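Please examine the sequence and the fold shown here before reading on.

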Amino acid sequence: MADTGELKLELSENAVTVLERRYLKRDEQGRPVESPEEMFRRVAENIASADTQYDATEEQVARRADEFFGLMVRREFMPNSPTLMNAGREFQQLSACFVLPVEDSMESIFETVKNTALIHKSGGGTGFSFSRLRPKDDIVSSTKGVSSGPISFMQVFDSATEAIKQGGTRRGANMAVLRVDHPDIREFIEVKNDLTKLTNFNISVALTEEFMRKVRIDGTYELINPRGGESVEVVRAKEIFDKIVDSAWQTGEPGIIFLDRINADNPTPSVGDIESTNPCGEQPLLPYESCNLGSINLSLMTTGPLMQAQIDWERLRETVHGAVRFLDNVIDMNEFPLPSIAENTRANRKIGLGIMGFADMLIQMGIPYNSEDAVETAQRVMQFVRDEGRNASSALAAERGVFPNWEQSTFNQGASPMKLRNATVTTIAPTGTISMIAGASSGCEPLFAVAFTRRVLDGDELVEVSPVFEQIAKERDFYSPELVHEIAAKGSLHDVAGVPSDVKRVFITAHDVSPEWHVRIQAACQMYTDNAVSKTVNFGHEATREQVAEVYNLAYDLGCKGVTIYRDGCREGQVLSTGQTDQAKAAAEEVITEPRERPDVITGTTRGMLTGCGKLYITINEDDKGAFEVFGNMGKAGGCAASQTEAVARLISLALRSGISADHVVRQLKGISCHMPAWMPGGGRILSCADAFGKALESCIKPEGGQLSITFDEDSVNHSGACPECGGVLHHESGCVVCQDCGYSQCE
């Protein structure tokens with residue numbers, strides 16, 4: 001490896017903020033008590049100490065710690081967040097993702113709920129297949145009653161997740177998978193069309209090869225009751241496929257995974273079938289398995305002038321070998337939350353080495369993301385990472401032994417068995433937070449933006465610009481602060497004057513890339529990735545359902561193991577949008593009407609709602625057609641709080657009097673989050689003043705037992721809106737959501 005003697009850690013202001021808020025050790029007052037360098041040293045020494053289990057001397061362990069420290073300080077490699085947070089501390093849980101079994105019995109279900117709580121408390125995310133549960137209304141022989149079905153139990157898991165706080169650093173994330181041949185598949189597909197449901201879950205439909213064949217020929221297939229294996233219904237495959245497409249078009253969910261394709265690459269099929277993945281879909285796992293993830297920063301793996309650079313293969317090789325050893329050591333140092341997880345993880349020793357900074361690398365090489373050259377580069381890079389990763393794993397096997405299940409694995413076949421330390425080596429995971437620390441673009445995604453506005457803690461806004469763009473602009477003498485602000489306002493370079501055409505050609509952002517190219521890059525990476533690739537296929541708001549269907553078929557044809565799509569602005573309450581999105585929605589939804597007259601006398605109810613800004617009193621008056629007008633009074637507040645409260649109330653009243661359904665108003669307001677949510681007496685949260693108006697109005701239109709009531713059981717942040725930690729905007733990437741302001745990530 002390169003010399004690690006004199007190392008200088010260079011971090012952006014944003015990276016320092018992320019580390020201070022989420023990763024560094026703190027005292028009892030919540031103040032950081034270690035520097036970023038000390039954090040990396042803590043992690044390096046802890047992970048290197050695993051070498052003592054293989055008879056390394058103190059001097060050898062110290063050299064290994066220096067090697068690992070150098071990888072992180074030079075920002076060449078970053079492990080997943082739990083390793084950075086917990087290595088070398090009392091809470092030594094280092095894995096990001098787990099899969100737990102859900103068997104068809106009450107005992108198994110609630111044992112898994114308990115285990116899920118333990119994992120979320122330790123900072124991990126969980127994946128489940130609910131495909132073994134009998135369908136809704138099926139007979140329960142022990143009680144002669146009927147089953148409530150998978151969806152009801154998913155809601156139990158969701159509620160348990162909501163109740164668990166992960167030490168202020170990570171929030172519980174889940175993946176729910178249901179086979180496409182389960183009798184409750186229709187309800188599963190549409191369950192998240194209601195954005196207040198299963199807010200702590202991503203959901204994916206497990207598609208089979210048979211199903212995809214039947215979609216192509218417009219054939220039928222059987223829905224099978226998992227309790228007894230009998231067919232309960234014959235359905236058109238295209239009917240179900242179209243339902244998946246429609247729901248994904250509306251809300252971005254469900255995603256899809258190609259389950260048979262995943263199991264075709266299962267390295268230990270005799271141990272068990274893979275039924276689920278981690279929360280972002282890139283890590284298929286057996287029940288009670290975990291995986292330890294880390295990513296190489298490709299933005300540092302080039303040499304030569306900007307926009308003419310070449311890949312530095314030797315530096316990449318050294319980084320891969322160091323990273324594989326690091327991740328293998330993580331398995332030995334990990335304090336797993338359950339004995340069964342420790343046993344199965346150590347039996348297969350799966351690691352997931354991935355990439356970040358791929359878009360940066362392309363820019364440095366002068367290659368547009370949406371090009372054949374980019375596809376070919378993705379294939380070359382991932383083939384190299386996989387091949388060198390397996391070489392490193394083979395060297396570890398010679399030194400430490402193969403993974404315990406190797407004898408019954410697919411690697412122990414043929415005339416020349418491949419002896420490996422790890423059953424899998426490569427995965428492309430979301431890198432939302434660790435790529436901020438590394439100063440790199442995320443995963444294999446295109447740039448989020450060339451420049452964007454970031455909110456900082458004191459409420460000010462700073463314009464962040466791609467360091468590579470800034471360097472090129474200054475070298476070629478077209479940089480100016482005014483130019484950067486214009487780019488931040490527009491989101492891309494498309495219509496920005498003064499930027500040379502060759503620069504515009506390579507600085508491609510996510511919404512400049514057509515869905516087809518998103519899929520083609522994903523497929524190119526998947527070709528040489530042992531596990532799977534976490535990626536979001538971005539659509540403009542105007543995209544059609546037919547275009548979504550085309551992407552699903554293309555992903556299947558090109559060999560992807562799954563796909564997640566997101567259509568801009570498709571979720572109610574989405575904060576991050578473009579000017580084009582707003583114009584398209586306005587054109588589609590323009591309605592001109594006059595509000596109905598106000599009677600002289602009208603009755604209503606006033607509710608006191610506790611918000612982060614203080615006590616908000618909301619009055620809802622009704623006429624004979626229902627909710628008619630709304631007033632809001634923020635206690636003794638003045639200034640912006642009072643004026644904005646009045647403004648929101650006036651606009652709600654105008655909408656109601658103009659004939660807009662109160663349900664529509666509620667859906668727009670509920671789930672909007674600010675940086676100061678408030679807990680209500682008796683439980684439940686008010687996420688913001690707007691959320692309070694939404695909940696108060698909902699109570700008016702959903703009376704229970706003849707009485708107006710307000711419930712808060714399922715309050716949670718709408719992840720397509722504001723960041724639950726700082727109030728900044730969230731954007732979708734790598735099958736996840738990320739806040740560029742504070743580093744919050746739902747999944748990574």
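Helix α24, residues 689–701, lies across β21, β22 and β23, where contact means heavy atoms within 4.5 Å. Helices (H or I, at least four residues) and strands (E, at least two) are DSSP runs, numbered from the N terminus. The helix runs at about 35° to β22; axes are lines fitted to C-alpha atoms, for helices over the stretch in contact, and angles run from 0 to 180 degrees between N-to-C directions. This is a predicted model, in which local features need pLDDT of at least 70 and side-chain atom pairs count only at pLDDT 80 or more, while totals for chains, interfaces and linings use all residues. Residues are numbered from 1 along each chain as its sequence is written, and side-chain values use heavy atoms, with hydrogens and water left out.

The 3 strands form an open, antiparallel sheet in the order β21-β22-β23; two strands pair if DSSP finds at least two bridges between them. At the edges stand β21 (603–611) and β23 (626–633), each pairing on one side only. From one strand to the next, the twist averages 25°. Strand β22, residues 614–623, is joined to β23 by 7 bridges in the antiparallel sense, and isoleucine 620 stands opposite valine 630 in β23.

As for the cysteines, the structure holds 0 disulfides, a disulfide being a pair of cysteine sulfur atoms within 2.5 Å. For cysteine 97, the nearest cysteine sulfur belongs to cysteine 291, 5.4 Å away. Cysteine 97 is buried at a relative accessible area of 1%, and cysteine 570 also counts as buried, at 10%; buried means under 20% relative accessible area, exposed over 50%, and partly exposed in between (1.4 Å probe, protein chains only).
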